[in-house]
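The notes below follow a reading of the model, taken point by point. They begin with the meeting of the chains and then turn to a pocket and to salt bridges.

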Amino acid sequence: MTLRERRFIRKLRERDEKAFRDMVERYRDQVYNTTYRMLGNREEAEDLAQEVFITVFKSIDSFRGESKFSTWLYRITVNHCKNRIKYLARRHDRDQREYDENVTRDGAEAALTAPARPRSPDRQLEGVEMEQILQRCIAELDDDHRILIVLRDIQDLSYEEIGTITSLPEGTVKSRLHRGRMALRKKMQKYM
Amino acid sequence: MAGPDTTSFPPNPQPGADRRGAGSERHADIEQSFSDYYEGLLPDREREAMAAHLAGCEACRAGYEQFKSAVTALSELHKMTAPPSFDSTVEDTIRRRSGGRFFGRKAFGDRVPFELLAVVVLVIGLAIWLLLRSSSTGSLRYQDEPEQPAFAPGARDVVPQPAPLEQ
């Protein structure tokens, strides 16, 4: 951990409002993108991302600094996601029809508002379709596979970081991720 | 007799092995290495052998292309951004749940200062012990002045003694 990060953590422990704001501003999109890709629902993703930051602030004293702050933050995010997925499954709250509507709407919004690479209308439509298909396939994966795919292929984290976040040995991460990718490929074949 | 070909990846089956079964195993082995190949994690020799196999095997090549396009599509997914009201909503939630006491430095942070409490208890205990020790009664009760006898122990009786009877 760098000196700068140590100072930042100290301020968070002192309940410094500005440090907290900086932290939220810096990590909100990473956390939100992760929760969204894990849950496939905009409202649930936002609610969960908020819970993540509240948990961070409540339990910052328990952060021992043995890993990077962002790794610790991802661990909290993943744990929240796992719990929420279980909760939603129990409540049967993931109605497929509602889900389809959300994915269609969110996917369309996301692809059409993507500022990074301007696309032609045809390409935009392709992007929208691909987003929808992919998000649906991700949602159909087992939780364990979904977590690893989101962390590695969407959030672009290293195997070492993923191992720390999930408390899995690196070899297990690799083999499980591979199985997840193969399962995703198989699911995508249905739609392509 | 020729041994297995160890220069190719994965090793070619031994001559005489069931061609169909061995071929299926070979394709399965190739599939197992898709991730490592895609991420460039295979050693040079294995990577070259894998490339050679893919070049010559249509089924594996098609499988790998599907695999590659799926993983590439994941990395190209649009990065979702939190809504503009996200920060203020988080802060509001924290303030509401903590009754406005969440932010701002506290004298001892969030933890109870057990060390300080222990010292205070020790000092109070010591003071009580010293007080008891200095007390002649061995207690903290108020000590009254000793009562004075009604008359001096050596004084003659106040009540006159009866005179002895005369015979």
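1. Contact here means heavy atoms within 4.5 Å. The model is a predicted one, and on this criterion 45 residues of chain A are in contact with 38 residues of chain B.

2. The area buried between chain A and chain B comes to about 3,900 Å², and carbon and sulfur atoms give 60% of that area.

3. Turning to specific interactions across the interface, the count of salt bridges between chain A and chain B is six. In one salt bridge, the side chain of Arg181(A) meets that of Glu39(B), with an N to O distance of 2.9 Å.

4. On the side of chain A that touches chain B, at least two residues each are supplied by helix 2 (17-39), helix 3 (42-58), helix 6 (121-140), helix 7 (143-154) and helix 9 (170-191) of chain A. Helix 2 of chain A provides the largest share, namely eleven residues. Sorted by class, this side of chain A has 21 nonpolar, four polar and 20 charged residues.

5. The second largest pocket holds about 360 Å³ of space and is lined by 16 residues, with Arg4(A), Glu5(A), Arg7(A), Phe8(A) and Arg26(A) lying nearest its centre. Helix 1 (3-13), helix 2 and helix 4 (69-91) of chain A are the elements that give two or more residues to this lining. By class, the lining of the second largest pocket has five nonpolar, two polar and nine charged residues.

6. Over all chains, a search of the whole structure finds 21 salt bridges. Among them is the pair Glu140(A) and Lys190(A), whose closest N and O atoms are 3.6 Å apart. Because Glu140(A) lies in helix 6 of chain A and Lys190(A) in helix 9 of chain A, this pair ties together parts that are 50 residues apart in sequence.

Conventions
Residues are numbered from 1 along each chain as its sequence is written. Chains are lettered from A and ligands numbered from 1 in the order in which they are written. This is a predicted model: local features need pLDDT of at least 70, side-chain atom pairs count only at pLDDT 80 or more; totals for chains, interfaces and linings use all residues. Side-chain values use heavy atoms; hydrogens and water are left out. Buried area is the accessible area (1.4 Å probe) that two parts lose on being put together, summed over both. A salt bridge is a side-chain nitrogen of Lys or Arg within 4 Å of a carboxyl oxygen of Asp or Glu. Helices (H or I, at least four residues) and strands (E, at least two) are DSSP runs, numbered from the N terminus. Ala, Val, Leu, Ile, Met, Phe, Trp, Tyr, Cys and Pro count as nonpolar, Asp, Glu, Lys and Arg as charged, and the others, Gly among them, as polar. On a 1 Å grid over the protein atoms alone, a cavity is a set of points where a 1.4 Å probe fits but cannot get out, and a pocket is an open set with protein on both sides within 12 Å along at least five of seven lines; lining residues have an atom within 4 Å of a point. Grid points are joined across faces, edges and corners, and a volume is the space filled by probe spheres set on the points.
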